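This report describes selected features of the structure shown below.

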Amino acid sequence: MSFRKDYVMKIRKTACVLLCLAWTAAAAWSQSDAGQSTDETQRNAPPPAFGQEAPPVVINDNPPISGLDQPSLEPNIQPRSMLLGGIEGSESLDSNIGSDARPALHSVTRGLGALTVQRLWSRYQLAGAYVGGVGYYNRNGNGIQQIHELQGQQTILWRTGQLAVRDSFSYLPEGSFGYGSYGGAGGFQLGLGGLGTGMGMVGSGFGGQGGILGSTQYGSLGQAPRLTNVSVVDVVEALSPRSSVTAAGSYGLVHFEGAPQGFINSQQLGAQLGYSYQISPKDQLALSYGFQDFHFPSAVGAENVTANVVQGMYGHRVSGRMDFVLGAGPQWTHFSVPMGSSGSRLSIAGRASLRYRFRQTSTALSFERFNNNGSGFFAGATSNIARFNLERPITRKLSAVADLGFAHNQRLQSSTLGVAATSYNYAFAGFALREQFGYNWGAFLGYQWNDQIFNTCPIAGTFCNRIAVRHVLTLGVDWHFRPIRID
C-alpha cells in the first residue's frame, strides 16, 4: 500500500510539472505569434496619419434594427480618433433659381469649409462635423445666402449597452431632401464629407428614422432660408446575447426666416420604443412603437397633430456586405383644435431599406411612409419617400456617384393654410464624377435635375409642371489637409 501511494504521488507531481510546462510553452508561443502577426501587420499597413496610434474600438456589426445606428458596409474598418478638414469652391449654372414662371439661366458661386472631429475612449465616443460657408446667387432678390450644417454626437458605453446624445443643426436656403447632392442646392457632399453612418449621424434622419424623429423638408420653391434643428437622446440595453431594448426621444423645429411665401413653421416631439431579438447571426425580428406630436405656432387656426405608430420589423445583415430592413404597421393620426373639435384617421406606416456592397460598387435603396411636418407647405403631411444611391470607383483616382429621390406628399389637414393644394410630388436625379489629384486636391463635375408638381397650381396663371423644373450643372475643386491623429 505504501509503495502504491508513493507511485500515485509521483504520477501526480509529474502530471503537474508537465501541465505547468505546457501552459508556459503555450503562452510563449501565443506571444511569439502575436508579436509576429503584429509586426507583419505593421509592415503591410499603410502609413498612419500624424499622431499616436488609437486604442482599438469594439464595433457592433449587427446593432438592433429598432435603434438608430446602422452597421458600416466598409469591411474591416477600424474607427480612430482624428481631425479632418478642408475647403471647397464651386461654380454652378442654374436654370431656375427662383422657381419662376419664366425660367432663366443664372450662376451660383459657393465657398465652403468643413471640419470633422472624432475622439474615442474605451467608454466614451465624441463625434462632430461642420460644413459651412456662403453661396452667391447671381439673381435679383437673392444675392448672398448662408449655408451651415452642424452635427454632434456624444456616446457613453457600458458592458451591455450605450446612451447617445445627438444633435443635427442646419441653416439652408432650400429644402434638405436632395440638397446635398450635385448642386441643386449644395454640392458640398462631393468634396467635403461628414460623419459616417457607423456613428449614427446621417443627416436629420438619424439612421433612417426620419419620419419618427427627424425634420427633413421634402421639397422647395425658390430660395426660402430655413433653420432646422433636431435633438435626440437614445439608449440601447442588451437583455441577453440575443435580445435588446431601445428607447429614444427627440425634439425638432423648422423655422423659415420671415416665413416667406406663406411657409409654415413647425415644432415636433417624438418618442420611440423597441424590442429586437436576434433569431440567427444574420437575422433579427423587432417590434417598435413610435409617437409624434406636431405643433404649428405660426399658422393661426392650425390643428395640433399627434400620431401613434406600431411596426413589426425584420432585418437581415451580412457583415461588411449587406443590410436589409423591412417594417410596417398601423398608424393612428389624431387631430385636435384647442377648445374645439377633434378627429382621427387610421393608415399604414412602414419602411424598407437595402444597402449592398459589391466588390467595387455600393448601392442603397430605401422607401418610407410616415407623417411629417409638411415641409413648410402644409400643416402636416403623409409622405411616401423613395431614394436610390450608387457609388463606384472608375479608376484609382476617378469615382462616380448617382442619386435619385422621389417624395409624394399628401396634406393631413383640410385647412387651406400654406400652399393652396392637397398634394405635391418632388423628385430629383443627378450624377457626378470626382477626380483626386494627389493626396490633398480634388475636382468634381456634377449635374442635377429637380422638379416639384402640385395638384393645384399655387401660382395663378401658370402651369404646375413648369414653375419648379431646374437643371443645375456644377464644377468645383476641393482641398483637404492630411488627417491628424488626436489620441
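**Aromatic pairs and their burial**

F377 is buried, as is Y424, where buried means under 20% relative accessible area, exposed over 50% and partly exposed in between (1.4 Å probe, protein chains only). The model is a predicted one, in which local features need pLDDT of at least 70 and side-chain atom pairs count only at pLDDT 80 or more, while totals for chains, interfaces and linings use all residues. Residues are numbered from 1 along each chain as its sequence is written, and side-chain values use heavy atoms, with hydrogens and water left out.

The structure holds 14 aromatic pairs. Rings of Phe, Tyr and Trp (its six-membered ring) pair if their centres lie within 6.5 Å; planes under 30 degrees apart count as stacked, over 60 as edge-to-face and the rest as tilted. The pair of F256 and F263 is tilted, because the ring centres are 4.9 Å apart and the planes stand at 35 degrees. Both F256 and F263 are buried.

F377 and Y424 form an edge-to-face pair, with 5.2 Å from centre to centre and 70 degrees between the planes. F377 lies in the loop between β13 (362-372) and β14 (381-393), and Y424 lies in strand β16 (residues 423-437), so this pair ties together parts that are 47 residues apart in sequence. Strands (E, at least two residues) are DSSP runs, numbered from the N terminus. Ring pairs link F256, F263, F377, F378, Y424 and F454 into a cluster.

**A charge over a ring**

R482 lies over the face of Y439, at 4.2 Å from the ring centre. For this contact, NZ of Lys or CZ of Arg must be within 6 Å of the ring centre and within 35 degrees of the ring normal.

**Strand pairing**

Strand β11 (residues 322-336) pairs with strand β12 (residues 342-357) in the antiparallel sense over 15 bridges; two strands pair if DSSP finds at least two bridges between them. In this pairing, T333 stands opposite R345 in β12.

Strands β12 and β13 also run antiparallel, joined by eight bridges, and A352 stands opposite F367 in β13. A hairpin of four residues connects β12 to β13.

**Position of V245**

V245 is located in strand β7 (residues 243-256). The relative accessible area of V245 is 30%, so V245 is partly exposed.
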